[in-house]
Amino acid sequence: MVYVGIPKGQADQEDEVLRTIQDGDSDELTIKRFTESREKPGALWHIYAAKDTEKIREFLKKVAEEQGQENPVDHDPIHDQSWYLDRPLRKRLHQEYGVQGWAIVQFLGDVVFIPAGAPHQASPRDAVHNLYSCIKVAEDFVSPEHVKHCFWLTQEFRYLSHTHTNHEDKLQVKNVIYHAVKDAVGILRANESSLSRP
């Protein structure tokens, strides 16, 4: 988080941000960072364990059906980023599916790492809930250790509609595999003479 712009003379907005942080299920230390340390909060994240992805997907489809919405085969409630799990929905997800995420308030200067495949809170407009005007710098990284999971995500993307923004292979998994193997072979070749000695 490289910039957080707080409008001058809008004390009522501070109260609204505090309510949002509290309603977002943030812990007491995070609330104190805002109320006592006067740090600048820029965004509220809700991050879930990758192992809970299918449960979250099933829950979102169930809620959509209850609201009379369709669940087309070539769409995905997580990849579509069409839901924002507010407090009642997060509570229901926990009660019905045993899934609980982590609420993270990103303050000015903070970095948030999202583990491979971990669903994170999405609203129709943004990947996080912005508390004030802010600028975030995001960088995607795919490590060779997580290629298996990323390959699985790429397969999920293939089933989305051709007009979906995530339909293409943005993760470049095949390139990661190629370069990981190329590096491994290069290291083995460089050390080949020492490996062949008795």
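Q: Why is V2 called exposed in this predicted model?
A: The relative accessible area of V2 is 54%. Exposed means over 50%, so V2 with its 54% counts as exposed. V2 lies in the segment before β1 (3-5), and a nonpolar surface patch of about 420 Å² is made by V2 together with Y3, I135 and V137.

Q: Why does G109 count as exposed?
A: The cut-off for exposed is over 50% relative accessible area. G109 has 58% relative accessibility, so G109 is exposed. The residue sits in the loop between β3 (102-107) and β4 (129-130). Its C-alpha is 9.6 Å from that of P41, while the two residues are 68 apart in sequence.

Q: What makes the pair of F59 and Y97 edge-to-face?
A: The structure holds 1 aromatic pair. Its ring centres, those of F59 and Y97, are 5.8 Å apart, with the planes at 75°. Rings pair if their centres lie within 6.5 Å, and planes over 60 degrees apart count as edge-to-face; the pair is therefore edge-to-face. F59 belongs to helix α3 (residues 53-66) and Y97 to helix α4 (residues 87-97), 38 residues apart. Both residues are buried.

Q: What makes the contact between E39 and R33 a salt bridge?
A: A side-chain nitrogen of Lys or Arg must lie within 4 Å of a carboxyl oxygen of Asp or Glu. For E39 and R33 the N to O distance is 2.7 Å. The pair therefore meets the definition of a salt bridge. The structure holds 11 salt bridges.

Q: Why is D110 called buried?
A: Buried means under 20% relative accessible area. D110 has 18%, so D110 is buried. The side chain of D110 meets that of R33 in a salt bridge of 3.2 Å, N to O. This pair links distant parts of the chain: R33 is in helix α2 (residues 28-35) and D110 in the loop between β3 and β4, 77 residues apart.

Q: How do you know that the pair of E96 and K62 ties together parts that are apart in sequence?
A: E96 forms a salt bridge with K62, the closest N and O atoms being 2.8 Å apart. E96 is in helix α4 and K62 in helix α3, so the pair joins parts 34 residues apart in sequence.

Terms used
Residues numbered from 1 in each chain as written. Predicted model: local features only at pLDDT ≥ 70, side-chain atom pairs only at ≥ 80, totals over all residues. Heavy atoms only, no water. Patch = residues over 30% accessible without salt bridge, like charges linked within 9 Å, V, L, I, M, F, W, Y side chains within 5 Å. Areas by Shrake-Rupley, 256 points an atom, 1.4 Å probe, with all protein chains shown as cover. Helix = DSSP H or I, 4+ residues; strand = E, 2+ residues; numbered from the N terminus. Buried < 20%, exposed > 50% of the residue type's maximum accessible area, 1.4 Å probe, protein only. Phe/Tyr/Trp six-rings, centres within 6.5 Å; stacked < 30°, edge-to-face > 60°.
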